Amino acid sequence: MEMLIGGRWSKAASGFMEDVISPYDGATVGQVPVAGMADVEAAMAAAQVGAATWRATPAHERMRILMRAADLADERASELARTITSECGKTITEATGEAKRSGDIIRLSAFEGAHLYGDTLPLDANRGTGLDKIGFTIRQPCGVVVAISPFNYPALLVMHKLGPALAAGNAVVLKPAGKTPLTALALAACFVDAGLPDNVLSVLTGPGGVLGDALVRDPRARKVSFTGSTATGERITRVAGVKRLSLELGASCPVVVLRDADIELAASAVAAGGYVNAGQVCISVQRVIVHPAINKDFLDALVPKVEAIRTGDPFSPGTNMGTLISTGEAERVRSAITRAVAEGGRLLTGGERDGATVAPTVVAGVDPRSPFSQDELFGPAVAVSTAEDWSTALAQANGTGYGLGAGIFTNDVSGVVRAVREIDAGNIHINWTPLWRADLMPYGGLKGSGIGKEGPRSAVAEMTEIKTVVLHGRPW
Ligand code: NAP
């Protein structure tokens, strides 16, 4: 397959290609170009031209092209789902759900791109200013957006960047994850085939460190929209210079289960929220903090549900949980589980690895200060700890460097109000786990989990800039 430079399908200037590998069986599922510095230069030069073209295109015309791209994404959803499963290892059921959201994210974005409203400014309320002046704000696209996406949701997280960036009138250079480039290229084809003008969109495939640094550093980029690990996000803040940054980073999301909680509901939700996409979700349930009085009942309800999760061929409709992205990642997760048990955790189920698959795991009695709670696991295991009261539970929930999502199970309204005020997380779910997202909602973390919000309305706002205009009349 070729990559996209300035809207044209292209090989790498070097001619080098690399294989894309299925994490399930090691099969080669495609080949993509290995972009280098000449390709970065070509894409950024094209984007500068494309940004001028697209900014001068009326919003209704941008919307028309995006709506056509959305229809193409819908038509191609089944094929897209197969590509996701092949290169990413998630189940075909999960991949189908993900692929089917693509068209709607484009539609939601197109709508927001047609609503670039400004404000009128009551300048006369400022002492010394009269009615002879009129002030207002207008929004304009940032210009060139560099978008960098991770492997775990290769369609969804690409769409949450391309949709808003294009809807807002920007040119985009996308660097998708090295392990999942085929999905990104297939999505880009929807925009190209819908009639996106030349130069507006590029997708560069190749090594993240080299391409990422060059793109992020490039002064022609006005905005960097990044989703990935906190370590890479921190590097971006050091390399970027004066640019607008949106960073959607790592997490270790807590769920608090209080004494009065519906235990069955909490156990069912955790048995889903800890294991979707083999736990490789930034909003995956990593830590469960349970009141000691119900801890045994909760674990008795949870463990059989986790044991019922079937692993295997991700293309089989009977498989509930697919592989991790690679055997190396699976081994990292397995060894983190082994260490948690060596440090005193009780392994209630799971813990084994077979190739890139890690069995769904529950470890109880985990010390909330241990690495198994503190560090992002990004794998199919849940750590259960206990907390006697609200204050202890809230301190544990807040007790990591992250702040992306949190869930609370209780019927105590005043406790919920306190938790909503005191938990430092970008998304808080009452009587559900953090693993829930409607594409239109603002979505993004606090603390080490990032800067800014995605979701079409928020992303369009962050991918546009405000200009303040003052009309100076004369006093009459
Ligand atoms: P990653 O290793 O940080 O990679 C993310 C992207 O950055 C990839 O495209 C990667 O390219 C690229 N990259 C690598 N080095 C770079 C550099 N120096 N400059 C710029 N870009 C660079 O993350 P991942 O392992 O793909 O994804 C998992 C992480 O993403 C987890 O921490 C997860 O929590 C986070 N995540 C966060 C959210 C959220 O909304 N907060 C959502 C999903 C995932 P290569 O793949 O070619 O190396």
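**Pockets in the predicted model**

Sorted by class, the residues that line the largest pocket come out as 12 nonpolar, 13 polar and 8 charged. The structure here is a predicted model, and this pocket takes up a volume of about 690 Å³. Its lining runs to 33 residues, and Pro150, Phe226, Gly228, Ser229 and Thr232 are the ones closest to the pocket's centre.

As for where that lining comes from, four elements each put in at least two residues: helices H7 (208-217), H8 (230-239) and H11 (327-342), along with strand E10 (223-227). Helix H7 is the top contributor to the largest pocket, giving 5 residues.

Next comes the second largest pocket, with about 340 Å³ of space. A set of 18 residues lines this second pocket, and those closest to its centre are Arg101, Tyr153, Leu156, Val276 and Leu435. Two helices, H4 (92-113) and H5 (156-167), each bring at least two residues to the lining of the second largest pocket. Of the elements involved, H4 gives the most, again by way of 5 residues. In terms of class, the second largest pocket is lined by 10 nonpolar, 3 polar and 5 charged residues.

Terms used
Residues are numbered from 1 along each chain as its sequence is written. This is a predicted model: local features need pLDDT of at least 70, side-chain atom pairs count only at pLDDT 80 or more; totals for chains, interfaces and linings use all residues. Side-chain values use heavy atoms; hydrogens and water are left out. On a 1 Å grid over the protein atoms alone, a cavity is a set of points where a 1.4 Å probe fits but cannot get out, and a pocket is an open set with protein on both sides within 12 Å along at least five of seven lines; lining residues have an atom within 4 Å of a point. Grid points are joined across faces, edges and corners, and a volume is the space filled by probe spheres set on the points. Ala, Val, Leu, Ile, Met, Phe, Trp, Tyr, Cys and Pro count as nonpolar, Asp, Glu, Lys and Arg as charged, and the others, Gly among them, as polar.
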